[in-house]
Amino acid sequence: MDNLSDTLKKLKITAVDRTEDCLEGCLDCLLQALAQNNTETSEKIQGSGILQLFANLLTPQSSCTAKVANIIAEVAKNEFMRIPCVDAGLISPLVQLLNSKDQEVLLQTGRALGNICYDSHSLQAQLINMGVIPTLVKLLGIHCHNAALTEMCLVAFGNLAELESSKEQFASTNIAEELVKLFKKQVEHDKREMIFEVLAPLAENDAIKLQLVEAGLVECLLEIVQQKVDSDKEDDIAELKTASDLMVLLLLGDESMQKLFEGGKGSVFQRVLSWIPSNNHQLQLAGALAIANFARNDGNCIHMVDNGIVEKLMDLLDRHVEDGNVTVQHAALSALRNLAIPVVNKAKMLSAGVTETVLKFLKSEMPPVQFKLLGTLRMLIDAQEAAEQLGKNAKLVERLVEWCEAKDHAGVMGESNRLLSALIRHSKSKDVIKTIVQSGGIKHLVTMATSEHVIMQNEALVALALIAALELGPAEKDLESAKLVQILHRLLADERSAPEIKYNSMVLICALMGSESLYKEVQDLAFLDVVSKLRSHENKSVAQQASLTEQRLTVES
């Protein structure tokens, strides 16, 4: 280490007077010392103050530049050396060197910048602002035959692509084209994996999704799936998963999805369809998720339902009822839910037997599956007949009431409440109301009327008004113990309540007058005061309903 001290002293002198031969010898000694004991040598370098001199040595003209950059790359492997490298002003000259034609200089410069900025989002953001992304993309295109440089670029892209601020810059380059070109050349699993690690974060950006589709990435992914589908090698299974996941990610962009759908005639869409009946769980999952993504607009949904996709998804779900794969169940139910959104599809899906298939999963204890199951049923029951049939299904209603108390899973709780309400609103059936009363569902509808979401409040109030109009007797006790009248008073008195909430609350008050005990509660709470104030409400419907309600209250009293 005494040698090292001498070298550092000598380097200080030669760095100033730039004697190239002497300088080169000193730099070789440093690299040797770093190879033997990186941490200790780095500490000595920091203590010597030599880092500040390196900034001046990083010039394109100097023959020592690559070695200086290599030394910086080596010392910056130590976390304690990264801030000193920044403080010594090394980032700016290193960034300038990315314009060099010398491949060794480029490689060492890339390593140095990568190590200094490792794990630091603020330094990586600084590099992005200095314009390194277009420069690195250009380098990848020029030096694609240099394996080490290519790898350096990919590592840099992988780190920078994690930052949201990088996506716009990447989108304005031809990165998609370069990566796909590179991907097509790779045969080794490790190299492809490295490119995948860059593609995944980049493909989160919609503009880049489209660029990747246009550059032909999808064809590469489909080829991988075809090659690896029957393999039981660990690497192949991992690559199949990565390729199919990336495929699904590309379909999350509206433009890229529509481009691949091609009116349902696209070869990509057809290939994805063939994944659903496959025996490979990963492909079944990717296929169902892809259909759920294709089903994001009405035109696609209608086309797919007319061409038999529902039967394929039902067959898939049937294969996963007993001890099935939860992710596949969730994905297939997601697809069915999306397909059920267009009005014209609902009757077709009901007659295909979708509700019967979906109800097989009522016993599931997995909240994500419960959530999608509820959403699918709610989408399908716009028709009176379907709502009546399901609403009289005591097993379903009991399960809904149970899930209305799933406080740990707000989504499941919300969807259960909404489905209970929808069963009443769409069926307008006394039998359905009786089933819900017997299962203890009334209190949940009353609680739903206090939801923070106006749409849910409204749905609850309309359902409660139907209960009061059609089947008040059996529901009376439950409505009392759930304190419905007090809640309605609060909703009407609260200035923040939306107009439709006030309107439906008054409709409900009028309907409750058919019950002696509930009407007594209405009288005790002085509703007349609150209602008469609403006669001058700016919303005409609210004002009219207030007049009607006031008349009813006055007559009855």
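Me: Which helices do the buried residues of helix 8 pack against?

Reply: The buried residues of helix 8 pack against helix 5 (65-75), helix 6 (82-87), helix 7 (91-97), helix 9, helix 10 (132-142) and helix 11 (147-160). The buried set in helix 8 is Val105, Leu106, Leu107, Gln108, Thr109, Gly110, Ala112, Leu113 and Ile116. Buried means under 20% relative accessible area, exposed means over 50%, and partly exposed lies in between, with a 1.4 Å probe and protein chains only. Contact means heavy atoms within 4.5 Å. This is a predicted model, in which local features need pLDDT of at least 70 and side-chain atom pairs count only at pLDDT 80 or more, while totals for chains, interfaces and linings use all residues. Residues are numbered from 1 along each chain as its sequence is written, and side-chain values use heavy atoms, with hydrogens and water left out.

Me: What makes a stretch count as a helix, and how many helices does the protein chain have?

Reply: Helices (H or I, at least four residues) and strands (E, at least two) are DSSP runs, numbered from the N terminus. By that definition the protein chain has 38 helices and zero strands. The radius of gyration, taken over C-alpha atoms, is set against a globule rule of 2.2 Å times the number of residues to the power 0.38. For 557 residues the rule gives 24 Å, and the protein chain has 34 Å, well over that value, so the chain is more spread out than a compact globule. Along its principal axes, the C-alpha trace spans about 110 × 55 × 40 Å. Of the 557 residues, 55% count as buried.

Me: How do you know what span is expected for helix 8 and helix 16 at 1.5 Å a residue?

Reply: The expected span is 1.5 Å times one less than the number of residues in the helix. Helix 8 has 14 residues and reaches 20 Å from its first C-alpha to its last, close to the expected 20 Å. Helix 16 (residues 217-228), with twelve residues, reaches 17 Å, close to the 16 Å expected. Among the buried residues of helix 16 are Leu217, Val218, Leu221 and Leu222.

Me: Why is threonine 376 called buried?

Reply: Threonine 376, found in helix 26 (residues 367-380), has a relative accessible area of 0% and therefore counts as buried. Not counting residues up to four places away in sequence, threonine 376 touches Leu333, Leu336, Arg337, Val354 and Val358.

Me: Why is histidine 281 called partly exposed?

Reply: Histidine 281 has a relative accessible area of 40%, so it is partly exposed. Its place is in helix 20 (residues 281-294), and histidine 281 touches His320, Asn325 and Val328, not counting residues up to four places away in sequence.

Me: What makes the phi of aspartate 119 and of lysine 483 worth a remark?

Reply: Most residues other than glycine have a negative phi. Aspartate 119, although not a glycine, has a positive phi of about 65 degrees, and lysine 483, also not a glycine, has a positive phi of about 60 degrees. Aspartate 119 lies in the loop between helix 8 (103-116) and helix 9 (121-129), and its relative accessibility is 67%, so aspartate 119 counts as exposed. Lysine 483 lies in the loop between helix 33 (472-481) and helix 34 (484-493), and with a relative accessible area of 46% lysine 483 is therefore partly exposed.
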